Amino acid sequence: QLQLVESGGGLVQPGGSLTLSCAASPYDLNYYAIGWFRQAPGKEREGVSCISATVTSTAGNAVYADSVEGRFTISKDTAKSMVYLQMNSLQPEDTAIYYCAAYWSVKTECRLSAIHEYDSWGQGTQVTVSS
């Protein structure tokens, strides 16, 4: 399993931006699909975005939840073993603990809805959107 550590959360005003980072070790990130999930108080954990393994392609294919499509961007830097989530136009409903998660893969697709397949999880980072 990967060891995952998230960072970059914080307090931001509505309409603002944040970039979350996920540091992964000790294995080659090319062989993992990475997802970002979030959990708000009293709600179930939900998928935000995922990016596929990059064994056969350098960029990876991304999937986004409808609620963040066009506002959030996921990216992977395998040389640095890092995954990022750029979040723009943040709204109060984006307030949650954000988790980075991973599963081993060689496919050029990731499965955002298959939360049970993600077997490595970080500890989470709090994002609060409030004026």
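Me: In which loop does Ser81 lie?
Reply: This is a predicted model, in which local features need pLDDT of at least 70, side-chain atom pairs count only at pLDDT 80 or more, and totals for chains, interfaces and linings use all residues. Residues are numbered from 1 along each chain as its sequence is written, and side-chain values use heavy atoms, with hydrogens and water left out. Ser81 has a positive phi of about 55° although it is not a glycine. Strands being DSSP runs of E, at least two residues, numbered from the N terminus, the position of Ser81 is the loop between strand E7 (72-77) and strand E8 (82-87).

Me: Is Ser89 buried, partly exposed or exposed?
Reply: Ser89 belongs to the loop between E8 and E9, and its phi is near 50°, a positive value in a residue other than glycine. Buried means under 20% relative accessible area, exposed over 50%, and partly exposed in between (1.4 Å probe, protein chains only). Because its relative accessibility is 37%, Ser89 counts as partly exposed.

Me: How many residues of strand E9 (residues 96-104) are buried?
Reply: Strand E9 pairs in the antiparallel sense with E4 (residues 32-39) over 8 bridges, where pairing requires that DSSP find at least two bridges between the strands. E9 also pairs in the antiparallel sense with E11 (residues 125-129) over 3 bridges. E9 is largely enclosed by the rest of the structure, because the number of its 9 residues that are buried is 7.

Me: Which residue is the bridge partner of Ala101 in E10?
Reply: E9 and strand E10 (residues 120-121) pair in the antiparallel sense over 2 bridges. In E10, the partner of Ala101 is Trp121.

Note on methods
Helices (H or I, at least four residues) and strands (E, at least two) are DSSP runs, numbered from the N terminus.
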